[in-house]
Amino acid sequence: MTSVAFLGTGTMGAPMARTLLGAGFPVRVWNRTRAKAASLSADGATVAETPAEAARGADVLITMLLDAPSTVAAGEAAVAELAPGAVWVQMGTIGLAGLAEAHAAAGGVTLVDAPVVGTKLPAERGELVVLAAGPTEVRDRVQPLFDAIGQRTLWLGEDAAAAAATRLKLVVNNWILTLTNAVGEAMALAGALGVDPADFLSAIGGTATDSAYAQVKGSAIINGDFTPSFALRAAGKDAELVAEAAGDSVRLDLADAVRERFRRAKAAGHGDEDMAAAYFASFQD
């Protein structure tokens, strides 16, 4: 069975690693905050003290860390310890520049660009969508891992350095972040106009304008439950990556507004809450 070194066991990484363990893969885990990795020992994971220790002799390295600097630093420390012919599967959202840095850090290790679509609950259920780009010759080796954590895999190219998967992930995330803020703003407007926000969700329910996502995030706002499925500070980081990737090639008015709303909500102390807490940006200067 393919042995896995899994670096990054936070909100997304922990359930992904747990799913791999449940599928029978031997997994060594590492996280900067050790306690977040230690909880996986009950599921059969070996907890490593360093990225290099986690990677020693592993067939596949998976990184699921918050940002590019942490991903590159951990990956760089790990690649020299991997088994001959091992593959580095980069699954976090680190942007175009970050992926280029990871590719350089990989050295002679084959890199697969494979960010995922989905948040905590789909990760727990093994229902993520894997967006992947990498050489044909390594796909049979990583596909069983993708099948364990995801409901489907969308292969987008053979050259990870071209970042086809990361580019699509940024497009998807731009949509998700915009929708999140649209729901929050509509809920805030409802309150300002004396409308029961639950009536707003009921009004769009079952129509062409409805979405499961609107109902989930809207209900979270109504219930005041901002337990993070995807933390606001991480969503803000992704919004910055979208803007960085777009550059001057296209005008993204909504994306600019999204970045500002996340900034205000984070400044108001909501950074560690679910990104639905962008709702509070409607009440901040």
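This is a predicted model: local features need pLDDT of at least 70, side-chain atom pairs count only at pLDDT 80 or more; totals for chains, interfaces and linings use all residues.
**Close-ups of helix packing**

**View 1. Helix 1 meets helix 7.** Met16, Thr19 and Leu20 of helix 1 touch Leu145, Ala148 and Ile149 of helix 7 (contact means heavy atoms within 4.5 Å). Sorted by class, these contact residues come out as 5 nonpolar, 1 polar and no charged. Here Ala, Val, Leu, Ile, Met, Phe, Trp, Tyr, Cys and Pro count as nonpolar, Asp, Glu, Lys and Arg as charged, and the others, Gly among them, as polar.

Residues are numbered from 1 along each chain as its sequence is written, and side-chain values use heavy atoms, with hydrogens and water left out.

**View 2. Helix 4 and its surroundings.** Helix 4 runs over residues 68–79. Its 12 residues reach 16 Å from first C-alpha to last, close to the 16 Å expected at 1.5 Å a residue. Which residues of helix 4 are buried? They are Ala68, Ser70, Thr71, Val72, Ala74, Gly75, Ala78 and Val79 (buried means under 20% relative accessible area, with a 1.4 Å probe and protein chains only). Among the elements covering them are strand 1 (4–7), strand 2 (27–30), strand 5 (87–90) and helix 5 (95–106).

**View 3. Helix 4 beside helix 5.** These two pack at an angle of about 10°, with axes 9 Å apart. That makes helix 4 roughly parallel to helix 5. On the helix 4 side, Ala68, Val72, Glu76 and Val79 make the contact, and helix 5 brings Gly98, Glu101, Ala102, Ala105 and Ala106. The tally is 6 nonpolar, 1 polar and 2 charged.

**View 4. Helix 11 against helix 12.** Helix 11 (residues 232–246) packs on helix 12 (residues 253–270) at about 150°, and their axes are 9 Å apart. The pair is therefore roughly antiparallel, and the crossing is left-handed. Leu232, Arg233, Ala235, Gly236, Ala239, Glu240 and Ala243 in helix 11 meet Val258, Arg259, Phe262, Ala265, Lys266 and His270 in helix 12. This contact counts 7 nonpolar, 2 polar and 4 charged residues.

Definitions and conventions
Axes are lines fitted to C-alpha atoms, for helices over the stretch in contact, and angles run from 0 to 180 degrees between N-to-C directions. Helices (H or I, at least four residues) and strands (E, at least two) are DSSP runs, numbered from the N terminus. Angles under 35 degrees count as roughly parallel, over 145 as roughly antiparallel, 65 to 115 as roughly perpendicular and the rest as oblique. A crossing is left-handed if the near helix is turned anticlockwise from the far one by less than a right angle, and right-handed if clockwise. The expected span of a helix is 1.5 Å times one less than its number of residues. Buried means under 20% relative accessible area, exposed over 50%, partly exposed in between (1.4 Å probe, protein chains only).
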